[in-house]
Amino acid sequence: MATDIDKRIVSDLTDRGINFITTVPCKQLAGVIEVLEASPDVHHVPSNKEDEGMGLCAGAFMGGKKPAIIMQNTALGVTINTLATLIQYYRMPLPMLISYRGELGEPVACQVEMAVHTKALLAQLNIPTYHFHKRGDVEELGKIIDYTFMCNKPVAILTDASFWGGY
């Protein structure tokens, strides 16, 4: 069931002109995806994999759309080539709303390993990264989206379990 924070996130995205969003399923992002599905202001295309979603966003951008991807950090590794050789090489703006799994309190052990590497991988790619820990951090989302499109860069917004209210 969608919450006010889910609605706020979608509103911030669409208010900034984002009109194409692809998502990969994630329990923490389920409410955002639910709101997207009901929104007449955005074309939502579910993806099977994060790198596939980035390819869809690249095509949408080349077709005149303002894209975003919503995904989980545990598959960041499969996106490295797509980020470096497509999104960054062609200077495509791409807001990436990423559920940051694997921190303290994580109930699924395999999620922890990618959490250890997520920020380092993003830093190695020189991708600006913002980490939302508490609900009030969402106040920065609009400015982050504007920044992404102003500088034609992908930007990562990590949203951890405490931001979403726990595991």
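User: Which residues of α6 are buried?
Analyst: The buried residues of α6 are L141, G142, I144, I145, T148, F149 and C151. Buried means under 20% relative accessible area, exposed means over 50%, and partly exposed lies in between (1.4 Å probe, protein chains only). Helices (H or I, at least four residues) and strands (E, at least two) are DSSP runs, numbered from the N terminus.

User: What am I looking at, and how are things counted?
Analyst: This is a predicted model, where local features need pLDDT of at least 70, side-chain atom pairs count only at pLDDT 80 or more, and totals for chains, interfaces and linings use all residues. Residues are numbered from 1 along each chain as its sequence is written, and side-chain values use heavy atoms, with hydrogens and water left out.

User: Back to α6. What covers its buried residues?
Analyst: The cover includes α1 (4-15), β3 (67-72), β4 (94-100), β5 and β6.

User: How exposed is N152?
Analyst: N152 has a relative accessible area of 28%, so it is partly exposed.

User: What about N126, buried or exposed?
Analyst: N126 is exposed, because its relative accessibility is 62%. N126 lies in the loop between α5 (109-124) and β5 (129-132). N126 is not a glycine, yet has a positive phi of about 55°.

User: New topic: T23. Where is it?
Analyst: T23 is in strand β1, residues 20-23. T23 counts as buried because its relative accessibility is 2%.

User: Which residues does T23 touch?
Analyst: Leaving out residues up to four places away in sequence, T23 touches I33, L36, H44, V45, P46, S47 and I70. Contact means heavy atoms within 4.5 Å.

User: Now helices. How do α3 and α4 pack?
Analyst: α3 (residues 50-62) and α4 (residues 80-88) pack at an angle of about 5°, with axes 10 Å apart. Axes are lines fitted to C-alpha atoms, for helices over the stretch in contact, and angles run from 0 to 180 degrees between N-to-C directions.

User: What do you call that arrangement of α3 and α4?
Analyst: α3 and α4 are roughly parallel to each other. Angles under 35 degrees count as roughly parallel, over 145 as roughly antiparallel, 65 to 115 as roughly perpendicular and the rest as oblique.

User: Which residues meet there?
Analyst: From α3, D51, M54, G55 and A58 meet T82, L83, L86 and I87 in α4. The residues of this contact divide into 5 nonpolar, 2 polar and 1 charged. Ala, Val, Leu, Ile, Met, Phe, Trp, Tyr, Cys and Pro count as nonpolar, Asp, Glu, Lys and Arg as charged, and the others, Gly among them, as polar.
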